[in-house]
Amino acid sequence: MLHRGMVIANRIRLTGLLTRSPRLARASLLGAAVCIACSSVATAAAAPSPSQPIPHAPPALARALVTTTADLSAAIGRWRRKSSAPPSDVVLLALYQQRIYRLLARETQHVADRTVRLLPSTLSRTATDFLTAHRELYRLTPPIGSSTIKVARARPAAALLGYYREAQRRFGVPWNVLASVNFVETKFGKLRSASAAGAQGPMQFMPATWQRYGLGGDIDDAHDAILGAANYLHASGAPGNLRLALHHYNPSRAYVDAVVRYARRIASDRTTFFALYSWQVFVKTPGGDRRVTGPGLP
């Protein structure tokens with residue numbers, strides 16, 4: 001995420017980037033970001049619609065990601081009561097940002113790399129982690145039938161943060177790692193379907209593992225599940241060896257790498273957690289990817 005000070009009066013229009021070199025294009029993006037941060041008179045940009053078109057050319061994609069990330073960061077700053085649901089502008093901007101990343105992940109490596117190289121350095125690192133993690137997890141995820149999909153609202157962001165920090169105090173597992181696992185497994189509890197292997201709840205425990213590490217709680221309760229996950233990760237080597245502990249949680253190097261990448265981004269900028277919290281659930285079905293939560297659905 002970009003710094004909170006980058007509020008936007010109007011969505012950036014950086015003309016001429018299509019004919020410039022990557023170095024000049026990147027410099028223009030950086031210059032625009034500095035101008036936005038320094039502007040003393042700024043208003044919130046209009047949030048994009050759920051079906052807002054996304055550009056495909058790398059310079060235009062880079063511009064869209066820069067402006068959307070800055071707008072989203074500013075909207076999160078205006079979201080004062082994190083114990084309430086995200087405001088509509090946060091939801092719409094987060095969806096557009098998520099759709100940009102999903103498009104980039106589907107593009108060829110050449111197009112994605114060209115786009116990422118045009119981004120300011122901080123956003124470039126975030127994009128690299130997000131795209132790599134998404135591709136790794138997508139390869140691991142089997143298609144699921146539409147009839148089995150179950151969704152619900154996540155617990156409030158402030159409540160989840162409290163649970164992660166309670167678990168960190170009790171078991172020493174970093175809160176951002178727990179948040180990352182919660183995001184990767186069920187988008188913070190929005191996806192309620194059991195996994196193909198039978199894992200359940202917001203932290204996706206196998207029933208036998210839950211019996212041993214669930215501390216007598218409810219596998220479907222966010223607080224109990226997060227405490228149980230921290231207990232299991234601690235027993236598996238965290239915080240001393242987080243990668244080993246995560247490998248016990250899901251024995252896949254790609255899974256471990258994806259969780260670590262998301263956790264790194266969550267720790268690096270305080271708005272990233274709230275942005276990811278506001279992302280929607282897309283599921284892989286035999287007929288293709290399908291969005292099952294968020295605005296604009298039937």
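Predicted model: local features only at pLDDT ≥ 70, side-chain atom pairs only at ≥ 80, totals over all residues.
View 1. Helices (H or I, at least four residues) and strands (E, at least two) are DSSP runs, numbered from the N terminus. Of the 298 residues, 53% are buried, meaning under 20% relative accessible area with a 1.4 Å probe, protein chains only.

**View 2. Helix α7 packed with helix α10.** Here residues 175–186 (α7) and 242–249 (α10) pack at an angle of about 30°, their axes 13 Å apart. Axes are lines fitted to C-alpha atoms over the stretch in contact, and angles run from 0 to 180 degrees between N-to-C directions. The two helices are therefore roughly parallel to each other, a label for angles under 35 degrees. Val177, Val181 and Glu185 of α7 make the contact with Leu242, Leu246 and Tyr249 of α10; contact means heavy atoms within 4.5 Å.

**View 3. Ile219 in the loop between α8 and α9.** This loop lies between residues 207–213 (α8) and 222–235 (α9). Ile219 is buried, with a relative accessible area of 11%. Leaving aside residues up to four places away in sequence, Ile219 touches Gln200, Gly201, Pro202, Phe205, Trp210 and Ala225. Gln200 sits 19 residues from Ile219 in sequence and 6.9 Å away in space, C-alpha to C-alpha.

**Notes.** Residues are numbered from 1 along each chain as its sequence is written, and side-chain values use heavy atoms, without hydrogens and water. Local features need pLDDT of at least 70 and side-chain atom pairs count only at pLDDT 80 or more, while totals for chains, interfaces and linings use all residues.

Note on methods: Parallel < 35°, antiparallel > 145°, perpendicular 65-115°, else oblique. Buried < 20%, exposed > 50% of the residue type's maximum accessible area, 1.4 Å probe, protein only.
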